[in-house]
Structure formats: C-alpha cells, structure tokens
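Dear colleague,

Please find below the structure that I am handing over to you. My notes on its salt bridges follow.

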Amino acid sequence: MAKRMAKKVVNKKKFIRGISIIIAGLVIIIMLIVMMIKGIIYLFTKPKDDTKQENKVAQVDNPVQEPMKTNTLPASTTATNQGTSQNLDVLNEWNLKLVNKDNSVDRSYVPELEELDDGIMFDKRAIGYLRSMINAMYKAGIKNVWVQSSYRSYEKQEELFNRKVTYYKNQGKKQEEAERLAQTVVQRPEMSEHNLALAADFNTVTNEFENTKAFTWLQKNAWEYGFVLRYPKDKQEITGIVYESWHWRYVGKDHAKVMKEKGYCLEEYIDYLKGAQSV
Ligand SMILES: [Zn+2]
C-alpha cells in the first residue's frame, strides 16, 4: 500500500515536471512569435521619406550606429540655399522679362505666337491664361470687354513711334523734342512690352477703361490667371510710364500673387527677387 502510494507521488512529480517543461516551451514560442510580429510591423511601418526619423529609429535599435551626416545640417541653411537657386532661375524666366527704359528688348526676339482673335497675337505659352481670364469675365456677366492690341513686332512699334515723331515735327517741334514727346505716348520699339507678346491692351486703350466693370474685375481676379496691371497710377515714378489702366501683363500666377500681396510693380518685384538672391 505504502509502495503504491510512493509510486503515485513519483508519477505526480513526473507529471508536474512535464507540464512545467511544456509551459516553459510554450512561453518561449509565444515570446518568439511576438518578437517576429514586432519585427514585421517595424519593417512595414518605418517612415520612407523622413530620413531624420528613420535615422532616429535606427539609433534607438542600434546605439553603436553613427548618425547620418546629412542630418547634421540645420534645416534653415538648406532652405536658404534652395531659395537662392530658385530665385536665380526665376529671374531668367520668359514670363518675367523686364522691358523698360533701362532694359531693352532685342530686335531679334520673336516668341512663338498664337492668334487670340482677328489678328490679335499672343505668346503661345500664355495665351491659354488670357483666354481663361476673358471667359471668366464673360461668365461673371462682363461681356463688354475685348483685347484691342497685344503683340507688335519691332517694325510695327518703330512705325508707330516714327508716326508720332512726325506728328510733333509737323507741329514745329525739333527732332529731339518731337522724340521726347512721342515717347510719352508711344514706346520706343526696343522699349515696348508689346514686343514680348505678353501684354494685352483692353477695350478703347484709354483710361476710360478704369470705369468699367472689367477693370474692377481684373483688379480683383487677374492675378489668378497670372496677369498684373503693368503701369499702376502710384508707380509712375518707378515704371517711367504714365498710368495705363488698359495694359495688363502676363507674369504667371505665382509671381502675380506675390506682386498683388506686396503691392509691387514689376520693377519692384524683380528688385525684391534680386534682394532675396543676394541674402
Ligand atoms: Zn499696352
């Protein structure tokens, strides 16, 4: 009886040991599975674009690993460098070409043209924006608007200028004086923005345009199509051209937006870009 009891105790001990081994084995297997799952989750969720964050994670996992050198540059330095090279590129953009008394346009400059309407030609790269802008005005109920004049060849501008000079000479002015007077009304051929095919003169090409709904609409919305009032009333000293409410110039939406926000004319805006470049 006692022998049987002893055997029972031994069996019970064996049984407990067996169970313990199995439980321990299970715990180890579960821990391994959990670690594997964690590893898989990390592989799938680690950030791809943000190298800084990836580097941080790597450092935590492996403290011996050296931090990546690219991340030691302060963010602001990188941003300034990018801005500078961008500004350099921007100043060479076709849509920012500056034409005035100090910056003449080359006689040979002939952009690729497309017809807007009845012989009115515009730069092929910008004509879509002009069309959209006019369509938007139509949609807003402004039907009494048209482009009277846009691209003029160097020769055409020369002809217009010479005609004005002759007009003043016929009034008894000397050549020099006649040219000076003509220049206040018609641009010299090398100084006219119309040679760029990026300027549109609206309606009657007089300051009566200022009193139209079209003008009010353009003042508010033209920037969205990349157009700016090229010769504003309060910038005559800077542009060197008398106020022209009818003359709108394409510069591109991004530039037009900044010019509108800061109240810059094109001369001021280009100076502003150059300033940003030299920083
Ligand atoms: Zn004009």
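The side chains of R188 and E179 form a salt bridge, with N and O 2.7 Å apart; the term denotes a side-chain nitrogen of Lys or Arg within 4 Å of a carboxyl oxygen of Asp or Glu. E179 counts as partly exposed because its relative accessibility is 21%, where buried means under 20% relative accessible area, exposed over 50% and partly exposed in between (1.4 Å probe, protein chains only).

Please note that this is a predicted model, in which local features need pLDDT of at least 70 and side-chain atom pairs count only at pLDDT 80 or more, while totals for chains, interfaces and linings use all residues. Residues are numbered from 1 along each chain as its sequence is written, and side-chain values use heavy atoms, with hydrogens and water left out.

A salt bridge also joins R230 to E193, again at 2.7 Å from N to O. R230 belongs to strand β5 (residues 227–231) and E193 to the loop between α6 (175–185) and β4, so this pair ties together parts 37 residues apart in sequence. Helices (H or I, at least four residues) and strands (E, at least two) are DSSP runs, numbered from the N terminus. R230 and E193 are both buried. Through shared partners, salt bridges connect E193, R230, R249 and E267 in one network.

In D201 and R152, the closest N and O atoms of the salt bridge are 3.3 Å apart. This pair links distant parts of the chain, 49 residues apart: D201 is in strand β4 (residues 199–202), and R152 is in the loop between β3 (147–149) and α5 (154–170). Both residues, D201 and R152, are buried.

In total, the structure holds 17 salt bridges.

Kind regards
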